[in-house]
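Hello,

Here is the structure I promised to pass on to you. Have a look at it first, and then read on for what turned up in it.

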Amino acid sequence: MGKFYISTPIYYVNDNPHLGHAYCTIVADFFARYHRLLGDETFFLTGTDEHGQKVQKSAEKEEITPKELADRVFVRYRDLWNKLDISNNDFIRTTEERHKKGVIAILKKMVEKGDIFKDAYEGPYCVSCESFFPEKDIVDGKCPDFGHPVTILREESYFFKLSKYTEPLLKFYNEYHDFVLPESRMNEVKTFVEMGLKDLSITRSSINWGIPFPEDEKHVLYVWLDALSNYITALGYGSSDDTLFKKFWPCDVHLIGKDILRFHAIYWPAFLMSAEIPLPKHILGHGWWMKDQNKMSKSLGNIVDPNPLVDEFSSDVFRYFLLREKPIGSDGSFSDEAFIDRLNADLANDLGNLTSRLLALLEQQFEGKVFEGDGSLMESAFKQYEEYHKAMENFSPKESLETVWAFISSLNKFLVLREPWANPNSESSKNTLSEVARALRMVALQIAPAMPRSAGTIINSLGFKPSTFKDFLWEEKQTTRAYRISNLFPRVDKKEYFQNLKKGEKMEEKEDSKVIESKEEVRGEERVSIDYFRKIQLKAGKIIEAERVPKSNKLIKMIVDFGSENRQIVAGIGKKYSPEDLIGKICPFVFNLEPAKLMGVESNGMILAGNLDGEPILLQFLEEVPPGAKIS
Ligand code: ME8
């Protein structure tokens, strides 16, 4: 039995998860599930990167501690991964003791090797990238990677002798051509290293949110040394129980976005060489998801939140779209239209129709029994199966799914050609349906890494027990009869969908314009009397339930406890807050507002919020107040 270890980057907790983060984690999950089905003992790691200047700054802005910020945001990642059926074996947080201990153990080895020394450093530093850049690469005071502003940082620092590893790294790259994948990226890395590496500052004394440098605690470790080490600290490196480390290291694939290739393909192997730890086998760099021609990012305000899409279309559909839509190494642009087209064409039409048609015919003609068949599909099925595995070995999710869909389309054609409905209950119909059922079972197994739920439903409805790639037998016998299932992937009426979406946006715009109008009035300084103001009843309410309003990325429907009664209230705060943020919070509400419908959902009251650059900011009480308390 083989072994397989795959990791995702650990995500910064200064940002909520978006579609780009979800993509990386879904791809890693896809490979992890594939290897489990091959029978490999598999370890799949993800987690959160919680130290460093970026997190400290975000926390300062919110006037909370970095740990409070981390505790809040890490839950969003964990919850989204649950929602997306991510099958990670562990979730590491860099603020955990086990991680800190492991990092110190690695550092100790690097010190023992004589690779760490103290000096002073001055240079342009990009807080966003958590990285110093050479002077020559700075254009107009902006970092070369993303154009973020840089500042000159001078501080006493501990350094790692990265320059010493220039030659060993080049030798390693020449020996392992496929260390960085896709191979074009390997060349980028080589060229960079060939220009010569400078020693790397690995501590900061200008911040305190990090792992203290042993015996010189005014320094904290550079966030990248801290973060990269997660790949081994999670396996128990440096702890009393390093069984997992012994079993799974070296890692098979560090899956990362191309933005962090340098850290993984240069720094990480150099750190490991220094600590005398074997190097990972592959660094697989994926491309970016863009929106409106730009990489999705919070600062550009063009992120796509996976939550509403998953709520409306299911985790399987979302996963399939991301895996199928763009080649792993390239960039891709997200659009609702492409999403619906893909769902309608591949899932509702091709796979959905094949499944429902076959199950209906099997039930009508043979009481749901699948027979041996005449073997007419076996050859083409196994040919496609081989192509699929080849694509998987090449780490190409899109190509592997393409081979499956080409086969699905040939199965639909096979049915049309053989017309099992023309001669019901005949020998020919029996063979046709049994062959297609066996082929569909094989299809379901292959789509299981992408769509685990739908794959399970198809295999069950065909009457077979689940199998793996290792024990798959074409001639397997049914354990129960096949049965019809309700529509696996309902077709989406595109016109209606976009009309509803527009309606939703219009209603949201209307809400926004109301806010603007009332602002104008305030600017005009229209005063109201105290009696007028007293007509408005304000009360404290406790949010006991919260969920998104379907088809709206702004509206959240809440059930609010006012002591004497619970009320449903809808608020346009969903771009800033997620339902989980709200549950349990006690906030001020307008209690006697006329009921209204927002996108067809009744709202009986209004939450009060501040407005910061167009973003709602919820209000909280300084002390605990009971639900229903009057505000005057
Ligand atoms: O870099 N398209 O964390 P991070 C595709 N903490 N993928 C995207 C993406 C987009 N638009 N945006 C982000 C860090 N990603 C460090 C990593 S690892 C030891 C430390 C994905 O929160 C992509 O995989 O900025 C990228 O590498 C990762 O999120 C970075 O997330």
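Around the ligand there are 25 residues, and the closest are Ile10, Asp49, Gly257, His286 and Trp289. Please keep in mind that this is a predicted model.

Several parts of the chain build this shell: strand S1 (3-12), helix H1 (19-38), helix H7 (223-228), helix H8 (230-233) and strand S11 (253-257) each contribute at least two residues. S1 gives the largest share, with 4 residues.

Some polar atoms of the ligand are worth a look too. A ligand nitrogen lies 2.7 Å from an N or O atom in the side chain of aspartate 49. A ligand oxygen is 2.9 Å from a polar backbone atom of tyrosine 12, and an oxygen of the ligand is 3.3 Å from a side-chain N or O atom of aspartate 259. On its own the ligand has 670 Å² of accessible area, and the protein covers 95% of that.

Next, a sheet. Three strands make an open sheet in the order S14-S13-S15, with mixed pairing. Strand S14 (294-295) and strand S15 (332-333) are the edge strands, each pairing on one side only. S13 (residues 289-291) and S14 run antiparallel and are joined by 2 bridges; methionine 290 has lysine 295 in S14 as its bridge partner.

Finally, the surface. Val528, Ile530, Tyr532, Phe533 and Ile536 form a nonpolar patch there, with about 470 Å² of accessible area together. Isoleucine 536 sits in the loop between helix H19 (530-534) and strand S16 (538-548), and is partly exposed, at a relative accessible area of 36%.

Enjoy exploring!

Key. Residues numbered from 1 in each chain as written. Predicted model: local features only at pLDDT ≥ 70, side-chain atom pairs only at ≥ 80, totals over all residues. Heavy atoms only, no water. Patch = residues over 30% accessible without salt bridge, like charges linked within 9 Å, V, L, I, M, F, W, Y side chains within 5 Å. Areas by Shrake-Rupley, 256 points an atom, 1.4 Å probe, with all protein chains shown as cover. Salt bridge = Lys/Arg side-chain N within 4 Å of Asp/Glu carboxyl O. Buried < 20%, exposed > 50% of the residue type's maximum accessible area, 1.4 Å probe, protein only. Pairing = 2+ DSSP bridges. Near = heavy atom within 4 Å. Polar contact = N/O pair within 3.5 Å; in protein donor to acceptor, adjacent residues only side chain to side chain.
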